[in-house]
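Subject: Handing over the structure

Hi,

Here is the structure I promised to pass on to you. Have a look around before you read the rest.

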Amino acid sequence: MGNQKTKEPYVIKDVAGKLGQGFLRNPLTAVLGIVILTLGWIALNTMPREEDPQIAISGGGIIAAMPGASPIEIENIISKPLEKKLREVQGIENVYSMSMDNVGIVNVMYYIGENREDSNLKLYDKVMQNMDQMPKGVMQPLIKPFDIDIDVPIITVALYQTPDSKLSIVEFNEKVRDLRHKINGIDNVAKTTLQGASKEQYNVEVDMGKLSAYHLSMGQIMMAVKSLAANVPDVKGRTDDKKLVIFGISNAIESIDDINNVMVANYMGSPIYLRDVAHVEQSIDKQNFQKVEFIYRANDDKTQPFSKNIEQVTLTVSKLAGTNAVFVAQDVIKMIEGNVATFKKDGIGYTITRNYGERANAAVDELMHHLVITIIIIAIMLVFALGWRESLIVTFSVPAILAITLFIAYMTGQTMNRITLFAFLLSLGLLVDAAIIVIENIHRHLHSSGVEDKEMGELLVEATDEVGGPTNIATLAIIMTMVPMAFVGGMMGSFMKPIPYNVPVALFASLVVAYIFTPYLSLKLLKKPEHDEHHDMENNPYGICEICQGEHETHEHTKDSKDTKDVNRGEK
């Protein structure tokens, strides 16, 4: 027998081999995989869902009134000085002003991405610091900040009176305001508004013909009503014997009769009352022109004609920034549905005209559906390329990578939206790249010569370590192509932020998953191919065993016997 060369053990050179060796036979590797998938599932179901990513667009308005001033005066003494001072504030991108009779309005727009609370505080400070420069007669400025996350509603509901309703228009509006008050108490609801709502008031319809007949003017009518329409506040004081006296005078107008009996003037010695020249009714504020109507089809059936125009009040609901639009919308709808019995009794109908939460949920579910389809397609392709066991190993890596990325996105305060899932779809082909490279090299090692002399664990670690360096460099190069996108400014930069935030994380996670779980699952699922100890002499006419060819020994075989004897190479 010739001298046999002892093979030196493989020396691990890359972090890929170290990770593979460290987790190959570790009993906690399976637990780690379960924990990763569980965290991803939790993140998927608890992350705030939105149709579009959050964009920090905010600004504010300063309203300064000066009664009696003309637009030119307002521009010169209020608008222009305010514009100059506001441009000193860091973070303000644009300043716009409007000058009108009696009032000036200066609007500011912050740079996209500026912190809303900090910017509003700086805006308020700048205005208050310069109050001493305001001219006499200017009232205290009103500062109104606005924010896209709070001012844009996520759900709108049209409330209207059904034909069998017995409520007056005033009572209907009170019911709507009660519902609005209840919705304001829902968690994460930021603001609610009513569009088309009316307030109760007394309407005085003056007959111009009678007014002329009595030689009266509208000014006299207004002064007569105004003289009795003022509330006198409660007065508190102390007497000489230290007793507290509280008294007040009620409003002189409490009913239609009070208004009808208002004396406007004297005509030829006879008093003229308001009822003589006008008709008074208890109704709503007609002068605000806030009437809103809508039409609809029954059961959304396109074959049915539209209904007649129906007067309605639109209730809008906005959510707090960073909260789940789906959950907030569901809570609002649940609250409304809980009042259906009361609505039916009062003759009130409702239609949800906008549901941002439903749209956001549908968009996320649709992209998740496409994500699953893509994973299945990749798995089927790998079955034909490598085999079903290898395909199963690579397929596991995809949900594991997505789970890690989703959990990190959840911990960093991101939301689930179309752009986030688009980032996952964009990088899906890259995510399986590392796992495919590792499993392909393992497959090659398992089918190479001399494989039966290697222990399975050693083979898997060696195959993983061999491709670690090139795979790391290739993945790093792809990550570097995504990083510059994070520095894009403006609206587009904020909108596309989830891509540079999530794709590099997903690619890095793909390396870790490929180096940890691919060797581990290969040890569980793959086996070394079986080699026959003896080979057919017809396929091996020289009597040299292919298995031993790499060594310095060979075997001589005979067709009639399975016995072998060792001979030195060359003594054939």
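Some housekeeping before that. This is a predicted model, in which local features need pLDDT of at least 70 and side-chain atom pairs count only at pLDDT 80 or more, while totals for chains, interfaces and linings use all residues. Residues are numbered from 1 along each chain as its sequence is written, and side-chain values use heavy atoms, with hydrogens and water left out.

**The overall picture**

The protein chain has 19 helices and 17 strands. Both are DSSP runs numbered from the N terminus: helices are H or I with at least four residues, strands are E with at least two. Of its 572 residues, 39% count as buried. Buried means under 20% relative accessible area, exposed means over 50%, and partly exposed is in between, using a 1.4 Å probe and protein chains only. A contact means heavy atoms within 4.5 Å. Among contacts with a separation of 6 or more, 72% are between residues 24 or more positions apart.

**A sheet with helices on it**

Look for the open sheet of 4 strands, ordered β2-β3-β1-β4 with antiparallel pairing. Two strands pair if DSSP finds at least two bridges between them. β2 (92-100) and β4 (142-147) stand at the edges with a single partner strand each, so one side of each has no neighbour in the sheet. On average, neighbouring strands here are turned by 15 degrees against each other, direction ignored. For such angles, axes are lines fitted to C-alpha atoms (for helices, over the stretch in contact), and angles run from 0 to 180 degrees between N-to-C directions.

Inside the sheet, β1 (residues 58-65) and β3 (residues 103-110) run antiparallel and are joined by 7 bridges. One of the bridge pairs is Gly59 with Met109 in β3. Helix α3 (residues 71-86) packs on the sheet and touches β1, β2 and β3, with its direction at about 170 degrees to that of β2. Helix α4 (residues 116-129) packs on the sheet too, touching β1, β2, β3 and β4, and its direction makes about 165 degrees with that of β4. Ser119 sits in helix α4 and is buried at 2% relative accessibility.

**A hairpin**

Strands β10 (residues 263-267) and β11 (residues 270-273) run antiparallel, joined by 4 bridges. Their hairpin has 2 residues between the strands, and Met268 takes a positive phi near 55 degrees there.

**Around helix α19**

Which helix holds Ser522? Ser522 lies in helix α19 (residues 498-525). Ser522 is buried, with a relative accessible area of 0%. Its side chain reaches the backbone oxygen of Thr518 at 2.6 Å. That is a polar contact: a pair of N or O atoms within 3.5 Å where, within protein, one must be able to donate a hydrogen and the other to accept it, and residues adjacent in sequence count only if both atoms are side-chain atoms.

The structure also holds 2 aromatic pairs. One of them, Phe396 with Phe517, is edge-to-face, at 5.5 Å centre to centre and 65 degrees between the planes. Phe396 lies in helix α14 (residues 388-411) and Phe517 in helix α19, so the pair ties together parts that are 121 residues apart in sequence. Rings of Phe, Tyr and Trp (its six-membered ring) pair if their centres lie within 6.5 Å; planes under 30 degrees apart count as stacked, over 60 as edge-to-face and the rest as tilted.

Cheers
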